[in-house]
Amino acid sequence: DWNSGNVIAEQVERIRQQVGTGRVISALSGGVDSAVSTALVHEAVGDQLIAVFVDHGLLRKGEREQVENDYVASTGVKLITVDARETFLEALAGVSDPEQKRKIIGREFIRAFEKVQADLVAEAKAEGEQVRFLVQGTLYPDVVESGGGTGTANIKSHHNVGGLPEDLQFELVEPLRTLFKDEVRAIGRELGLPEAIVGRQPFPGPGLGIRIVGEVTADRLEILREADAIARAELTKAGLDTEIWQCPVVLLADVRSVGVQGDGRTYGHPIVLRPVSSEDAMTADWTRLPYDVLSKISNRITNEVKDVNRVVLDVTSKPPGTIEWE
Ligand code: XMP
C-alpha cells in the first residue's frame, strides 16, 4: 500500500540512476509541485542541484521570504534568486490585455531563467560541470492530459509560467510523474517542507499580474498585495482554508467609485473577492462564506489599504465565469 517513505526511497534511487554525477537545475515557483520535486531531487543528489527562484514582482506578500528562508532552511538546497522585478514591470508597461500579459510574463520568465543558465555555463570549467538536467514538477494528471508524452519540456502553457523554450538542451527529471496532488503533499510533509508551501492553494504562474484588471504597475501591485494578504489572513483565521479551493483577490484598477471615509469624499478602486469551491478547477462554485468573515475582510481592506474604498463579492460559478478574472 501507499506510503510516502517508500515512494521517496524509490524516487531517490531512480533520480540517482538517471542523473549520475551530472548537474541539475530546477525552477522554484513557490508552489507545491516545484517545491516537492526540487526537494526530492535534492534529497537524491544534494549540491549537484541548483534551484532558481525568479522574483517577478507579481508574488504575494511573504512568498519570496517563504522560499528564501523557510524552504532553504528545511531542505538545505542551494538557491539562486533572480530579482527581475524591474524587468517584468517594464515589459508589462502599458499592457492591459490578459493574454498579452501571460505571454510577456512567460517570455520574461524564460529569459531570466536562461540568463542564470548562461551564467552557469560560463562558470563551468570542465564538460562534466555543465548543467544537463532540468527538474519538472509534472504530476500524473498533467501526463494524462498531455497525452503521456515524455522527455520534452512541452507542458501546457496554462499550467506553467509560459512553458519552457524549445531549444533548451536539458534532459527532464520528473519525479512526480506517477503521483496525484495529495500524494505530492504527503511527500512534501515527509520531507519536512514548510506547511505554508505544502498546503498552499493553487496560485497562477503569472501571479498578481492577471489579478489586476488593467495595466500592471508597482503601485497597483502594492495595493493588491496588501488586500490579498488581509483576505488570506482572515480566511485562515476563520479556519476556512480547507473548505475553499482558492480565493483570488482582484483589483479593478480601471474602475473607480465614490465613497465617504472620515469627513471626506473618496474616489477609489474596488477589490473583488472570488472564493471558490472546486474539485479540480475545471468547474467551480462560489463559496458561501460566513457573513461575519466577509464583513471583517471588507472592513479591514477598506480601512487599511490605500485607494480601495469598496469590496465586492463574486457570486458566479464556473462556468460561465472562470476562476481568475483574466
Ligand atoms: P481559470 O481561471 O481558467 O483557472 O478558471 C483554473 C485554474 O488555473 C489557474 N490558472 C493558471 N495557472 N497559469 C497557471 O499556472 C495561468 O496562466 C493560469 N490561469 C489560471 C487558476 O488559478 C485556477 O486554479
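## Secondary structure and overall form

The chain has ten helices and twelve strands. These elements are DSSP runs numbered from the N terminus: helices are H or I with at least four residues, strands are E with at least two. The radius of gyration, taken over C-alpha atoms, is 21 Å, close to the 20 Å that the globule rule gives for 326 residues, so the chain is as compact as a globular protein of that length. That rule is 2.2 Å times the number of residues to the power 0.38. The C-alpha trace spans about 70 × 45 × 35 Å along its principal axes.

This is a predicted model: local features need pLDDT of at least 70, side-chain atom pairs count only at pLDDT 80 or more, and totals for chains, interfaces and linings use all residues. Residues are numbered from 1 along each chain as its sequence is written.

## Burial and contacts

Of the 326 residues in the chain, 36% are buried. A residue is buried if 20 or more other C-beta atoms lie within 10 Å of its own, exposed if 12 or fewer, and partly exposed in between; the C-beta atoms are placed from the backbone.

Two residues are in contact if their C-beta atoms, placed from the backbone, lie within 7 Å.

## Two domains

The domain assignment gives domain 1 (4–198) and domain 2 (211–313). Such bounds come from an automatic or database domain assignment. The C-alpha centres of the two domains lie 29 Å apart. Ten residues from domain 1 and eight residues from domain 2 take part in the contact.

On the side of domain 1 that touches domain 2, four residues are nonpolar, three polar and three charged. Here Ala, Val, Leu, Ile, Met, Phe, Trp, Tyr, Cys and Pro count as nonpolar; Asp, Glu, Lys and Arg count as charged; the others, Gly among them, count as polar.

## A parallel strand pair

Strand β2 (residues 49–55) and strand β3 (residues 79–83) run parallel, joined by five bridges. Two strands pair if DSSP finds at least two bridges between them. Phe-53 stands opposite Thr-81 in β3.

From β2 the chain passes through helix α3 (residues 63–75) to β3, and this β-α-β crossover is right-handed. The term means that, with the strands pointing away from the viewer, the path from the first strand over the helix to the second runs clockwise.

## Helix α1

Glu-13 is found in helix α1 (residues 4–19). Glu-13 is exposed, with 11 other C-beta atoms within 10 Å. Glu-13 and Phe-113 are 100 residues apart in sequence; C-alpha to C-alpha, they are 28 Å apart in space.

## Backbone exceptions

Most residues other than glycine have a negative phi, and most peptide bonds are trans. Ala-281 has a positive phi, near 75 degrees. Ala-281 sits in the loop between β10 (276–277) and β11 (285–286). Ala-281 counts as partly exposed, with 15 C-beta neighbours inside 10 Å. Asp-307 also has a positive phi, about 70 degrees. Asp-307 lies in the loop between α10 (291–304) and β12. Asp-307 is partly exposed, with 15 other C-beta atoms within 10 Å.

The peptide bond from Lys-318 to Pro-319 is cis, with omega near -10 degrees. Another cis peptide bond joins Pro-319 and Pro-320, with omega about 10 degrees. Pro-320 also lies in the segment after β12.
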